[in-house]
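Me: Here is a model I would like to go through by question and answer. Please keep to what can be computed from the atoms.

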Amino acid sequence: RQASEYRPPPACRPSVINNYVGDLSTKEVWWERWKMFMFQEPLTVRTRTGVDVRRPVQMLQAIKRDKYPAVTADEERFSIPLQILCLAIFDAVIVHFMNKLSPNC
């Protein structure tokens with residue numbers, strides 16, 4: 001079977017800082033879309049071993065103690081939830097700023 005030349009459009013997290021083209025007009029609309037993207041939507045991704053289908057949350061990696069010895073066991077255990085929280089807060093703040101500064105866009 002011959003490889004396809006088809007390249008799907010990029011999947012973008014609902015955020016102001018990337019190519020997301022959906023509705024970000026309210027925090028409620030943004031939040032529902034953000035949760036769906038991060039936790040429900042499967043994405044086809046290329047990996048070292050081929051192609052895989054993963055949700056964005058599954059692509060986050062823990063901060064390992066063996067790589068960063070100063071990290072405690074609790075910090076390692078909570079590193080993925082904290083990454084999700086920080087990413088959501090960051091995106092929420094930027095969406096809020098944009099809706100306040102440019103409400104009709």
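Reply: Contact here means heavy atoms within 4.5 Å. Helices (H or I, at least four residues) and strands (E, at least two) are DSSP runs, numbered from the N terminus. This is a predicted model, in which local features need pLDDT of at least 70, side-chain atom pairs count only at pLDDT 80 or more, and totals for chains, interfaces and linings use all residues. Residues are numbered from 1 along each chain as its sequence is written, and side-chain values use heavy atoms, with hydrogens and water left out.

Me: Which helix is included in what covers the buried residues of α2?
Reply: Buried means under 20% relative accessible area, exposed over 50%, and partly exposed in between (1.4 Å probe, protein chains only). In α2, the buried residues are S79, I84, A88, D91, I94 and V95. Their cover includes α1 (27-39).

Me: What does helix α2 span from its first C-alpha to its last?
Reply: Helix α2 runs over residues 73-101, 29 residues in total. The expected span of a helix is 1.5 Å times one less than its number of residues. For α2 that expectation is 42 Å, and the span in the model is close to it, at 42 Å.

Me: Where in α2 does the kink lie?
Reply: The bend at a residue is the angle between axes fitted to the seven residues ending there and the seven starting there. In α2 a kink of about 50° comes shortly before the proline P81. The residue at the kink is S79.

Me: Is S79 buried or exposed?
Reply: S79 belongs to helix α2. Beyond its neighbours within four places in sequence, S79 is in contact with A62 and I63. Because its relative accessible area is 4%, S79 counts as buried.

Me: Why is W30 classed as buried?
Reply: W30 is part of helix α1. Apart from neighbours within four places in sequence, W30 is in contact with P14, L24, A88, D91, A92 and V95. W30 is classed as buried because of its relative accessible area, 4%.

Me: What separates the C-alpha atoms of W30 and A92?
Reply: Along the chain, W30 and A92 are 62 residues apart. W30 is also in contact with A92. Their C-alpha atoms are separated by 8.1 Å.

Me: What is the area of the nonpolar surface patch that includes I89?
Reply: Patches are made of residues with over 30% relative accessible area and no salt bridge, like charges being joined within 9 Å and nonpolar side chains (Val, Leu, Ile, Met, Phe, Trp, Tyr) within 5 Å. I89 lies in helix α2 and is partly exposed, with a relative accessible area of 46%. The patch is made by F78, L82, L85, I89, V93, F97 and L101. With accessible areas from the Shrake-Rupley method (1.4 Å probe, only the protein chains shown counting as cover for residues), the patch comes to about 680 Å².

Me: How many salt bridges does a search of the whole structure find?
Reply: A salt bridge is a side-chain nitrogen of Lys or Arg within 4 Å of a carboxyl oxygen of Asp or Glu. Among them are E28 with K27 (3.8 Å, N to O) and R54 with D52, whose closest N and O atoms are 2.9 Å apart. The search finds seven.

Me: Which residue forms a salt bridge with E41?
Reply: Side chains of opposite charge can pair when their charged atoms come close. The closest N and O atoms of the E41 pair are 2.5 Å apart. The partner is partly exposed, at 23% relative accessibility, and is R33.
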